[in-house]
Structures are given as structure tokens and as C-alpha cells.
Amino acid sequence: MIRGSDGWLYYRDSLNDYLGTGQMSERALFNVAHSLAMMQEYVERQGAKFLFTIAPNKNSLYGEHMPYYDSRKVSDEKNLTRIRSWLEKEGVQYVDLYRVLSEQEEVLYHKRDSHWNNKGAALAADTLLNALGKEHLTLTEAPYEVRTDFTGDLDAMLYPLAVTPEEEIYYDGLDRFAYVGEVESTFDPRITTVNPGAGGSLVMYRDSFGNALLPFLANQYGDAWFSRGIPYQMTDLAAHGADTVIVERAERFLPEMAENPPQMEGRLMLPEGEIIREAAKVSGIRAEQQGTYVKLSGAVDEAYLENDSRIGVRVNGNVYEAFPATVTVEDESRDGGFVLYLASDAWKDGGEEIDILIQKGDTWYEIGGCVM
């Protein structure tokens, strides 16, 4: 962790974002945005709503207490802001919490924790619910009390035997929902809640920023399921009968999103127009069993790809669109990768003919393949 001025603590894993170093490539940003668009398309085909949001790093909002690092800044550009245009281009339903939180005069993160306080979480929940058109009472206007009893995660790591309790806000009326089964804390990997007085069903994929969000959202849905599992399992939508899917991810985890597209069966596609055969290097093609799916992955030479090139995989004559992804081939990270999940019964486990297609502009190219 990083010790700042006036008792502020910051999570060290957010330092690259703060300094503007090691930024994601445009292709990697596309990988995230297009995978979310494919996920959204799947959700909407099931008749449900989809929403994505990013929880800003603490020092992206409140960097004035960071120590001497300003002199080492490479750029003020951030993945958090650079990805906006890609999300817009891909049509992803997105709530920009960075803009919302930046507009507030009040500090809405804890000094000695890496996350927002309950008031920040209430504002985030209000913003998400408004974007979804979910009727609710404004959460930030509910009565609350302030207690000095909150222990920050960074404080507990740095001073486990001498933590400094901070003020926290506790809103009234957050007890209308109930947990299903035993729940140790809102950090549990999978949590189910019910509220007989509310309507709708929610599936939310979240990280630790979702801990404080959970009670606010659970109060607004008759049934809700919160998961920290990676990759996101899209069978959850049907399993929980959800009419709404929310994906929340912390800013510092955006590079990991490019590496972990959601797990769902590939959709058949029909490339429009003539397909031109042209050779390009495709490497690391492999197939592996993952649960009820066969996972196909590999990488295309990035010199041959445009930033927004889609990738198709023909398997035994059927063409599926693969998730664009950042993959590791021969110990090297490659932003020109792809991941495709096929149902096991679509895979003969021997003698499959694999061809890789890529889109550049309005034209599709068949660039190579193999027999597996």
C-alpha cells in the first residue's frame, strides 16, 4: 500500500493507473468493450436489461494526498477514461461513475480504505437504478446516522493491532431484504437475497466495490444474486430468472477484463459479403475442456488486425464469433487473441477442421487454420 499525507492510505495496485504507465492498447480496450457488447446482446435476447459500470480507483478521484509520485507521472490519460469511446462505439449501456463522483464536493471514499463509503455507494446505487429506469426512493436522501466504527482494509493491513476507526454512514431502511443461507459478510463470493416487498430479479457480477453496493441493490429487487466469480457464467441469467444484469468492475481490474471474457456458448454468425483468403500468422490454437464447454483459444498476428477487427472461428463448417481477448502464447501476452466456447456436443474431440476469419472494415478474410 501507499502512505499519503494527512493519514490517507492508497492501494498500491492502483499506482500504474495513477502514473499513466503500462496503459492498455487500443486493441485491449476494444477487447473489453466488444466482449461486453456481446454479453449485452445475449442478455437482451433473453428479454433482460444490461448495465456496465467502473468503480474508480481512490487516487483517480482523490489524488491530492498521494506522496511524491507526481514527478513520476507519464500521462494523465487513464484506461478508465480512454475506454469510454470504445463503450460508446460498441453500444454498451454504461454508467460513468467517475464523472458522477468527480462532480461531488464531498469526499465519498474512506481515508484508510480503498473503497467508497456508504454515501458514495448510495450515490452509485442511485445512479445505476436511475439508468435502469428502476423506480425507487432516492437512497442518498434517506435518514442516516454517523458512527465512528469503520475499519479500513488498508489500515488493517498496515496496522493490524492498532487500527484507527473512521466515520461511516448508516442509512435507515436497509433491512427490508434478507439473505438466503449463511452469509459471513458482503465479501462472500456468491450471495442470494430476497425482498418480498420488491419486484424484479437481479444478477450482479461485482468485485469488492460491490460490498457496500449490495444492501442498496438487494433492497430494490425481489430476488438478487451477487457473484464475484471470474469468468462470468452467462447461464446464471436463466438459472436465476433475472430481468436485469449489472457488471461492476474496479478501474484497476480493466486489464484483467480483457483477459477473461464471459463464459457463454458461441453464437453462429454468417459473415456478409465475399470472404477473401489471405495468409496471416495464427498461433497458439488450443482446445481444452472447461465444464460443459470446450474452450478454443489462440492469437492472430496483431500487425494484421485493426483495433476493432472482429474474429470468427469456423468449426466443421459452422462459423462462430469469438470473444476478442488478451491471451498468453508462449509466455507472451497478445492482445490479438480470441476465445470461443462451444457446447461439448458440438465438438467431436478429434479431426475438427478449424479456420480463423477476421473482419477489417466491411470485409472478412480467412487467414488460416488447422485440424485438431
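Predicted model: local features only at pLDDT ≥ 70, side-chain atom pairs only at ≥ 80, totals over all residues.

Trainee: To begin with, does Asp96 count as buried or exposed, and at what relative accessibility?

Mentor: Asp96 counts as buried, because its relative accessibility is 12% and the cut-off for buried is under 20%. Its salt-bridge partner is Arg99, with 3.4 Å between the closest N and O atoms. Arg99, at 47% relative accessibility, is partly exposed.

Now look at Glu256 and Arg249, another salt bridge, where the closest N and O atoms are 3.6 Å apart. Here Arg249 is buried at 8%, while Glu256 is partly exposed at 36%.

Next come Glu321 and Arg310, whose side chains meet at 3.0 Å, N to O. This pair links distant parts of the chain: Glu321 sits in strand β16, and Arg310 lies in the loop between β14 and β15, 11 residues apart. Glu321 is buried, with a relative accessible area of 12%, and Arg310 is partly exposed at 25%. Elsewhere, salt bridges that share partners join Arg277, Arg314, Asp355 and Glu366 into one network. The count of salt bridges comes to 18.

Finally, turn to Glu248 in strand β11. Glu248 is buried yet has no salt bridge. The nearest side chain of opposite charge belongs to Arg206, 6.4 Å away. A polar atom of the Glu248 side chain does lie 3.0 Å from the backbone nitrogen of Asp207. Among the residues that Glu248 touches are Thr53, Tyr205, Gly210 and Leu213. Gly210 and Leu213 are among the buried residues of α8.

Technical notes: Residues numbered from 1 in each chain as written. Heavy atoms only, no water. Helix = DSSP H or I, 4+ residues; strand = E, 2+ residues; numbered from the N terminus. Buried < 20%, exposed > 50% of the residue type's maximum accessible area, 1.4 Å probe, protein only. Lys, Arg positive; Asp, Glu negative; His and termini not counted. Salt bridge = Lys/Arg side-chain N within 4 Å of Asp/Glu carboxyl O. Polar contact = N/O pair within 3.5 Å; in protein donor to acceptor, adjacent residues only side chain to side chain. Contact = heavy atoms within 4.5 Å. Lists of a residue's contacts leave out its neighbours within four places in sequence.
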